[in-house]
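Open the structure in your viewer and have the selection tool ready. We will go stop by stop.

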Amino acid sequence: MQKLSVNEIKNKANIIRQDIIEMLVTAGSGHSAGPLDMADVFASLYFNVMEYDPKNPTWEGRDRLILSCGHICPVMYATMAEAGYFPKEELLTLRKFGTRLHGHPHNLALPGIETSSGPLAQGTSQAMGMAVALKMDRNRNRIYLIMSDGEQQEGQTWEAVMFAGKNKLNNVTAIMDRNNIQIDGYTEDIMPLEDLPAKYKAFGWHVLEVDGHNPQEIIDACQEAKAIYEKPTIIIAHTIAGKGVDFMEYDYKWHGTPPNKEQAAEALRQLRTLGGKIESEMQ
Amino acid sequence: MSNLNPKIGQKDIEQEATRKGYGLGVLDLGAADENVVVLTADLAESTQVLDFQKKYPERFVECGVAEQNMMGIAAGLALYGKTAFVSSYATFSPGRNWDQMRVNVCYSMANVKIAGNHTGVSVGPDGATHQALEDVAITRVLPNLIVEVPCDAIEARKTTNVLGRMKGPAYFRLGRSKTPIMTTETTPFEVGKAVVFREGKDVAIIGSGPVLYNALLAAIELEKEGISVMVVNNHTIKPIDVDTIVGAAKACGAVVTLEEHQIMAGCGSAVCEVLAMNYPVPVEMLGMPNSFGESGQPEELIKKYGMDKDAVVGAVKRVLARKK
């Protein structure tokens, strides 16, 4: 595994965002907002926090990343390719016939994916099952669970959260993408979620909140989670939906929509110039 | 030879609930394989896993009343490398957590075994809400999933042991009430292989579960009238034993199906799919007639809904009349 610096992680996140845009415009369908806003979290996990071996995806000593909100898988695929799990050219097969990069991730299709996900909340339960198994075998590796905020509306999420609290699953670090949007609108309009920190505390969790676009905060929170005794940790990562592409940011309409060719070109221009701050060598 | 219990047809035949066989089966597996874990959702005693919990507390996972989470927990354990048994009532598991079973277990090929307790109207007094009559229908449509329906406690113990030693997803259904022990320790049991319980040449009764005893009783009665009835224990609903079913149809030219489940989409439907595609013969189907159950004693409900010995005798005569 790699331990990159914060600046190197920011560069990786930018590359991942560009890959996401190219994947989505090539696929012609898929989700934009969540993948873009979780690029910093994924880059921090894969390039600093987690133990894994891309050449040996089933290595017993690996930490396990469970993506519960399967629809944001483009960010996972792009990060895994960047980390060396498979060739980057394969990213453009997303959602196409014969691909290993299905519209929602499938564990049997692509080595390095721990489980199939898509129906919300189900990854959370599976993460807790794996965490129990790790404890049964006195395996000291960790579970990194990625959840969306919208899936907090599923009853099953709270069944799993209750289970984790009861079993003191301190080997679980859950990271919630708190981007405030879901398909039909803003979470607090569709079905209010707050007070999320208080809810998790009430279920026996250690709660941290970070700027989901600040790798240093993400890494520090993950390190703190490792030190917590007898409690699972949730890191509520406050993110800007569609982060990095100005016309996508904060707009729930980009939850499940890909960019068209013109929008993708503009998105890539913004990402390559860091929002106009530098000149793109692609221009 | 199927080496059945010689007491079949006698009043003093031994009786035991199939769920008891399951409880013994997980104990067998617990001793044989430390990777076997058992989960329940607040039903340890009635699903017969209390002894496993006492003997192997470190491998027992109490999930509370949360079946959806339980299925996910089981999948997570299995994807890590455990063999996970999910123990609840079939109305809730796989009823309530079907989506979790579909995606987390079947699609992901997780090594999870789902034990559906309290199936059929023979659940009795608890009434319709707790009488699972649709579980075979909702499981047999799922790819990668083995579906088993043991006919008695001995077969249930064998089923548990055999499935527990196989990799991959499986569902098996169990009953609450005491039912006759038809098989013996030496009765053959193999997943995907139906067992001919009784040879015959006029009509073949192909069924599954404890209610199959009524087919054996009917066969004994019909023999006195000169009607020769074959009885086939089709305990594996999926993958179904095409050869034995087609062989029975060829030998007899008429089939009656019998199960304690909705007639639609259950064991009988699976048999009819095989016959329609390979060797169509007249069929009469016995089971729940598109109805919910109700409270009552098991034998009262089995009689009312047409799965008792008399119903089988009637169906055999109807199908004989249709035979060319």
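**Stop 1: a loop residue.** Select Q48(B), in the loop between β2 (36–40) and α2 (50–55) of chain B. Keep in mind throughout that this is a predicted model. Is Q48(B) buried or exposed? Count its C-beta neighbours inside 10 Å: there are 26, so Q48(B) counts as buried, since 20 or more is the cut-off. Now check its backbone. Phi is positive, about 70°, although Q48(B) is not a glycine. Most residues other than glycine have a negative phi.

**Stop 2: another positive phi.** Jump to N290(B). You are in the loop between β14 and α10 (298–304) of chain B. What is the phi of N290(B)? It is near 55°, again a positive value in a residue other than glycine. The surroundings are another matter. N290(B) has 9 other C-beta atoms within 10 Å and is exposed; the cut-off for that is 12 or fewer.

**Stop 3: two cis peptide bonds.** Most peptide bonds are trans. Select S93(B) and P94(B): the bond from S93(B) to P94(B) is cis, with omega near 25°. P94(B) sits in the loop between β4 (83–89) and α4 (98–107) of chain B. Next, select K238(B) and P239(B). A cis peptide bond joins them, and omega is about 0°. Look for P239(B) in the loop between β12 (236–238) and α8 (242–252) of chain B.

**Stop 4: the sheet.** Show chain B as a cartoon. In what order do the 5 strands of the open sheet stand? The order is β9-β11-β10-β13-β14, with mixed pairing. Find the edges: they are β9 (195–198) and β14 (283–288) of chain B. Each has a single partner strand, so one side of each is left without a neighbour in the sheet. Neighbouring strands are turned by 25° against each other on average, direction ignored.

**Stop 5: one strand pair.** Select β13 (residues 255–262) and β14 of chain B. They pair in the parallel sense over 5 bridges. Within this pair, L258(B) stands opposite L286(B) in β14(B).

**Stop 6: helices on the sheet.** Select α7 (residues 212–224) of chain B. Which strands does α7 touch? They are β9, β10 (203–207), β11 (229–233) and β13 of chain B. The direction of α7 makes about 165° with that of β11(B). Last, select α9 (residues 267–278) of chain B. Helix α9 also packs on the sheet, touching β10, β13 and β14 of chain B. Its direction makes about 145° with that of β13(B).

Technical notes:
Residues numbered from 1 in each chain as written. Chains lettered and ligands numbered in written order. Predicted model: local features only at pLDDT ≥ 70, side-chain atom pairs only at ≥ 80, totals over all residues. Pairing = 2+ DSSP bridges. Helix = DSSP H or I, 4+ residues; strand = E, 2+ residues; numbered from the N terminus. Axes fitted to C-alpha atoms, helices over the stretch in contact; angles between N-to-C directions. Contact = placed C-beta atoms within 7 Å.
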